[in-house]
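Thanks, everyone. Let me bring the structure up, and then I'll walk you through a few parts of it.

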Amino acid sequence: MTSDGNPDLAIELRGISKAFGPVQANKDISIQVKRGTIHGIIGENGAGKSTLMSILYGFYKADAGEVLIGGKTTPIPDSQAAIDAGIGMVFQHFKLVENFTVLENVILGAEDGALLKPSLAKARKLLTDLAQEYEMDVDPDAVIEDLGVGQQQRVEILKALYREADILILDEPTGVLTPAEADHLFRILKGLKDEGKTIILITHKLREIMEITDTVSVMRRGEMTATVKTAETSPEQLAELMVGRKVLLRVDKVPATPGETVLSVRGLRVVDDQGVERLRGIDLDIRAGEVLGIAGVAGNGQSELLEVLGGYTQGTGTITMNGEQIDLTGTASDARTRRARGIAHVPEDRQREGLIMDFGAWENVAFGYHHSEPFCRGLFMDHGAMRDDCAAKMERFDVRPPDPTLAAKNFSGGNQQKIVLAREIERNPDLLLIGQPTRGVDIGAIEFIHQQVIALRDQGKAILLVSVELDEIMALSDRIAVMFDGRIMGERLPDQTDANELGLLMAGMTGKDAAA
Amino acid sequence: MTESLPKWADILLIPLVNLVLALIVSGIVVALIGKDPFEALYILVNGSVGSAYGWGYTLFYTTNFIFTGLGVAVAFHARLFNIGGEGQAALGGLGVALVLLYLPLPHWSLAIIAASLGAALFGAAWAAIPAYLQAQRGSHIVITTIMFNFIASALMVYLLSRVLLVPGAGGSPETARFVEAVRLPNAYDIAPWLGFSRSTPLNVSFFLALAACVFVWALIWRTRLGYEIRSFGKSEPAGLYGGISSTRITMVAMLISGGLIGLMAINSVMGEAERLVIDPVQGAGFVGIAVALMGRSHPLGVFLAALLFGALYQGGGELTFEMNGMTREIILVIQALVILFTGALDNMVRAPIARVFLTLRRKPAQKAGS
């Protein structure tokens, strides 16, 4: 069994298979990752990337296949074994103790003995060394909750390095970062690579793969469809390998022909339950037939903006819709009255808000509109009408499988989003609020969703798009507003700006700072 | 895991397996105290469903448990844990007693309508205060409803010993007997040929309970309000997004819940005791939680679970009479085991059964593939 492999390979996977019930998450996967390289793994949601990495980190046990580390067969029954084998993992959602300091987090679980002092001293020295070596400066005594996400991520990397990891796996590391922070991360990763560390980068962003990896493996439906040298491939080719067909990476659209102002927002403020001001005076206008894109790093007030416009967070200021002022605080302010005003909302978190995951698709297509025809007759719901409506929407939006009785949780992310989108668009709203339209959605469905948004714009509807994906904002918007810390930092036209300028605005620097 | 199970297995097979397990463990307990478990089982079954006499009591208890079980189930659908059934049912009894003592009602058919209104109104009112505190103040409803059980109990003692006490009743705190005209027909009056005795407690309230099952089914699965209650119960953030007011749903669901539980008093106070006594509920409020859990908050499930617990109550009572050494406490242990297995340990049985179904399903699929 212990057929020794090539010691030049940091990691070699041979014929890894893993099934969850009837679902084959990984099918006979083999990869070879050379020592001292950055290897990308790209694939759509549900392609099996995370499962594969969880096997490598000892969270799951593979049904078949073996893992070789440095040429030696290494069974990984749990994450301790993975750490012992020199594997470090940086998860998408950080696993830090929020009210511990950086140092305490770094040594957590890797203390040398019952007394903490020696470990803390050792970690402090390591942190100073690393800070000099790769721009990894983090205050060792800062408490995690006071740090920005970029710095928290660095703490995760430091944790792995403290455990003497030779192989670093990063799962979607740039999801929460500004472009500048992402660049910083990539510089760190390149530095680590030059030191001889091996890095595996899991992402769904083609741009990142092209920018920093040496080799890339593409996964589709649990299988490894190709492993290629990054220099010898193109984003188009990778996208095709991921989806299995040619994909349009750009959105085809004609210039917008904006009409009258549909929504006008002045001095909008929102204070959350903790008394923190989340929106600090927002002014914006959206006209019929245009897409206003809100760019920004997650957590800078975009969610609150959508919620207050959608009617389920209270705020102060004035919002005028089609010339009529909207009540923001009274009892007549809820999501139902907003819908009656012609505001439809595709929420950022479709699984938490947009859908009732345990309900069948047919019950979800009425959700939010369950007071009105054809779903409701007097006090009773019309199940027949709901089912018919759902079947028709599923056909028009190509929802798969087209089974109205299937529970929402059993659809893929893309198909869930299509259900929400169909529900909101087909009510013929004047304004569509749409948050993170393609988060967790596969590339094939992204194309479809983008086309639907543009088609709605071309029908003369106003669209407010919130997305943390700058590419998406650039591709869809007719105007771009950048949010930072509850304020709009500035507005730009997509053809007169670039990712750099927007990135600076997202980091809170105004035009003047950016010029300086 | 859940969707890997066919519906019939979820609703029938799993509760049945749970019940059998509970009976096996109960049998061990009975054997440990030196009694014959098979004899005990025989007495339990025979005492509850072996005679018209037994059925009369079994279905009488079942009626109580249907009302409390339905009430708890409606609250469950809104993800509210109403454990205040004891208090709400007691207040329901107060409502019944006030109506029947102070309104001159000529006939039981009119009386049952008026008393039902009184019972539901008082039960709902008792649930309304915790519901309001939850909806407006965020006070946890589990805490407030259970505290309201104690308040209700104290209130009943005060009212029965000071205010409503019948003159010359001696030591027992209870109201006067309701007039004969409003006495509900019992099973003997309705169907004497079935062999029920003249004094059987089973009465027309049983049909009211069945009607309540249909009402709850229609409410939850057919009306807009039910749709909103279920939506809110499944996901509060989604409810907000969908324009469903959490205050309104919390209040409405608890009012309906308390009202249904209050209706239990029609059976126990109006139908059986024919006066208000100090504890008209006898634990049925708590049994309702087990009934709703076991019945998966579905009216049909609640009916079947109520029937099971009704039989356990009656059969357990017989057991204490018939078998020397089977104390009330042992019966409580058996009932607790049934609750434990059917409610709390549900997943213990569910996961292995789901696995069995999965392998059964995969096998034919593989055959078809090869």
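I'll cover a sheet, a helix, a helix pair and the chain contact, in that order. Keep in mind that this is a predicted model.

Sheet first. Look at chain A. Four strands form an open sheet there, in the order β2-β1-β4-β5, and the pairing is antiparallel. Which strands stand at the edges? They are β2 (23–34) and β5 (72–73) of chain A. Each has a single partner strand, so one side of each has no neighbour in the sheet.

Now the pairings. Strand β1 of chain A, residues 9–20, runs antiparallel to β4(A), with five bridges between them. One contact to find on screen: A:Ile11 has A:Ile69 in β4(A) as its bridge partner. Stay on A:Ile69. That residue also stands opposite A:Lys72 in β5(A).

That takes us to the next pair. β4(A) covers residues 64–69, and two bridges join it to β5(A), again antiparallel. Here A:Leu68 has A:Thr73 as its bridge partner in β5(A). The two strands form a hairpin with two residues between them. A:Gly70, in that hairpin, takes a positive phi near 60°.

Next, helix α1 of chain A, residues 49–56. Is α1(A) mostly covered or mostly open? Mostly covered: seven of its eight residues are buried. The buried set is A:Lys49, A:Ser50, A:Thr51, A:Leu52, A:Met53, A:Ile55 and A:Leu56.

Over to chain B, for a helix pair. Two packed helices are described by the angle between their axes and the distance between the axes. Helix α4(B) is residues 85–102, and helix α6(B) is residues 141–163. They pack at an angle of about 30°, and their axes are 7 Å apart. Angles under 35 degrees count as roughly parallel, so α4(B) and α6(B) are roughly parallel to each other. Their crossing is left-handed.

Who meets whom? From α4(B) we have B:Glu86, B:Gly87, B:Ala90, B:Leu91 and B:Leu94. Facing them from α6(B) are residues including B:Phe148, B:Ile151, B:Met156 and B:Leu159. By class, this contact has eight nonpolar, three polar and one charged residues.

Last, the two chains together. 25 residues of chain A contact 18 residues of chain B. On the chain A side, the elements giving two or more residues are α10 (335–340), α11 (350–354) and β18 (380–381). That side divides into twelve nonpolar, seven polar and six charged residues.

That's my tour. Over to you.

Technical notes. Residues are numbered from 1 along each chain as its sequence is written. Chains are lettered from A and ligands numbered from 1 in the order in which they are written. This is a predicted model: local features need pLDDT of at least 70, side-chain atom pairs count only at pLDDT 80 or more; totals for chains, interfaces and linings use all residues. Two residues are in contact if their C-beta atoms, placed from the backbone, lie within 7 Å. Ala, Val, Leu, Ile, Met, Phe, Trp, Tyr, Cys and Pro count as nonpolar, Asp, Glu, Lys and Arg as charged, and the others, Gly among them, as polar. Two strands pair if DSSP finds at least two bridges between them. A residue is buried if 20 or more other C-beta atoms lie within 10 Å of its own, exposed if 12 or fewer, and partly exposed in between; C-beta atoms are placed from the backbone. Axes are lines fitted to C-alpha atoms, for helices over the stretch in contact, and angles run from 0 to 180 degrees between N-to-C directions. Angles under 35 degrees count as roughly parallel, over 145 as roughly antiparallel, 65 to 115 as roughly perpendicular and the rest as oblique. A crossing is left-handed if the near helix is turned anticlockwise from the far one by less than a right angle, and right-handed if clockwise.
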